[in-house]
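User: Please take a close look at the paired strands and the charged side chains on them. Keep it brisk, and show me how the parts link up.

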Amino acid sequence: METESAVTEPVETESVESESAETESVETVTADTASVETESVEKASADAKSAETESVEIKPMEKASAVTESDRFSLWWNPAHWASMAAGIILAALLSGFALLSVLLTSSAIKEDLFYFVLVNVFGFSIENAVLLENGLQNGFWHVLNQFSGGFYQGSYYEGDRAVFSFGFHFPVLAALLFECLWIILLLALLNRFYDHRKLQSFWHKMLSVLLMYTVFSVSYLIVLAAAKPAARLDTDFTDTGIVLHIPYGKVLVTLFVVFVLSACVVFAPWRKLVPLRRMLTALGALYIFIAAVFGTTWSLSPHTDSGQSHLLTFKELWQQYPGDPLGIALLGNMLVQSQMYALGGTWNVEGELLPQMMKAPGSFRINWFAGMRGVPDPGMYEVNIAESEETQQTWKSELARSMRETWYPLAMLLIFLYGVSRLVSSSWLQGAMGVLIVSLLFAVAAEFLTVRLQILPDQSDLVIEERIGFDAIQTGLATLLTALAGYILVMLVSRLMTERVKGGANG
């Protein structure tokens, strides 16, 4: 019996131990299962909460985007784009109306004398025939309208049915382009408010609208320009000649594109981030308006001169010979910008034989405020003795230098520019450098555009006659860049010295 009990006790002990082990394993499994279930429940609840939060956050965006998409329709059915195309037509109508009104209310003696000069000296007509041809070319509406695209004249001279030569003449009036820019800026500003109302505030929507406005305006403008294009024919018993004008479509489109780009920059540029550049351009613009008023008032009060005098025809002489002429007043913008180029170190070039005659100059020459004059004309053109040649040259040089000083006031214009550059000074040297580059590029483009050019291409000859009056674009741009950099660095140094002196006084 003892043996059986001894045998039975280990068996029972093992069974108890096995039961306890099973119980522990069951509890462990149960605990693990509970923990897994708890984690899954917590994770599910967290996912549900995040999903609810995301749905709450997304719903307003989805609603706004849905409203915006329904507001935009498609590219061609967008009201903003239709408004831009309508603005192009309105601009063409405004400029055409202004051109017509200016012809009805005013007349320019400068323009008539310029016609006679070209017909007599370039085409070789007699004065009587020049008068007859001038009547055919005298379409004031077309000539004023042509200035809104840069004042490019191209055409051919015919004898019978044969083209003798082709010609190109560039006579720009800056005031016409500035007037056009003002209207473009006004229309783009109104369109910008319309974009904000329609919630079309992206950069690409606005640029697309500017492109549409430019395209519609350019097409409308070219149609009117081609329809009003003048032509002159002189058919007599002795001669059968004619002048046919052509429209340089490429130059017109490029000029209008540049005008639209500059106008769009005025309206859409982030000026709040470009405070130094805005300050410089505002200061220069205000001072240019003031000095232009001073120039015009001073010259208007000066005694009038006879147009038959033989001295050099500068802007001042032009005002005195043609008092109150509308074209002379419009050319004040050309004079102002070119006087600034001359004060910055640009070289004024008069090259050729015909264009110097238009200025009543005896020949080609170049003049720079710092380097003086080059290419003094042959004294034999003055019909003087050889013994008097040096004295004649010195007299002509001194007369030209006096005319430049009295017409362009280089010292005053240089001080105006340096003051404008001083407005660029800020804590960011990058914005200062960008302002210097922008103003240099603007003056380089202005130098190229404001240059008066004459080109004659004979039909049966490879000889090309090219003449010009104006500034070289590259040389003017470099001179402006160097002057602006020197002024900017000088102002920065002075500002830093004054700051250090103030700090030293405070510490002392």
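Analyst: Start with one term. Two strands pair if DSSP finds at least two bridges between them. Keep in mind that this is a predicted model.

Here is the setting. The protein has 17 helices and nine strands. It has 508 residues, and buried residues make up 40% of them. Take the contacts with a separation of 6 or more: 73% of these join residues 24 or more positions apart.

Now to strand β8. It covers residues 452-458 and pairs with strand β2, residues 162-170. The two run antiparallel, with six bridges between them.

Side chains of opposite charge can pair when their charged atoms come close. The protein has three such salt bridges.

Take arginine 453 first. Its salt-bridge partner is glutamate 448, with the closest N and O atoms 3.1 Å apart. Glutamate 448 is partly exposed, at 38% relative accessibility. Arginine 453 is partly exposed too, at 30%.

Next comes arginine 468. Its side chain meets glutamate 351 in a salt bridge, 3.2 Å from N to O. Arginine 468 lies in β9 and glutamate 351 in strand β5, so this pair ties together parts 117 residues apart in sequence. How accessible is arginine 468? Its relative accessibility is 14%. Buried means under 20%, so arginine 468 counts as buried. Glutamate 351 has a relative accessible area of 23% and is partly exposed.

Glutamate 351 has another partner. Its side chain also meets arginine 366 in a salt bridge, 3.3 Å from N to O. Arginine 366 sits in strand β6, residues 365-368, and glutamate 351 in β5, residues 348-351, so the pair joins parts 15 residues apart in sequence. Arginine 366 is partly exposed, at 40% relative accessibility.

Through shared partners, salt bridges join Glu351, Arg366 and Arg468 into one network.

For contrast, look at a contact between two helices. Helix α2 covers residues 79-105, and helix α7 covers residues 203-227. Their axes come within 8 Å and cross at roughly 35°. The crossing is right-handed. On the α2 side, the contact residues include Ala80, Ser84, Leu91 and Leu95. On the α7 side, they include His205, Leu212, Phe217 and Val224. The residues of this contact are 13 nonpolar and seven polar, with no charged ones.

Terms used:
Residues numbered from 1 in each chain as written. Predicted model: local features only at pLDDT ≥ 70, side-chain atom pairs only at ≥ 80, totals over all residues. Heavy atoms only, no water. Axes fitted to C-alpha atoms, helices over the stretch in contact; angles between N-to-C directions. Helix = DSSP H or I, 4+ residues; strand = E, 2+ residues; numbered from the N terminus. Left-handed = near helix turned anticlockwise from the far one by under 90°. Contact = heavy atoms within 4.5 Å. Nonpolar A, V, L, I, M, F, W, Y, C, P; charged D, E, K, R; others polar. Salt bridge = Lys/Arg side-chain N within 4 Å of Asp/Glu carboxyl O. Buried < 20%, exposed > 50% of the residue type's maximum accessible area, 1.4 Å probe, protein only.
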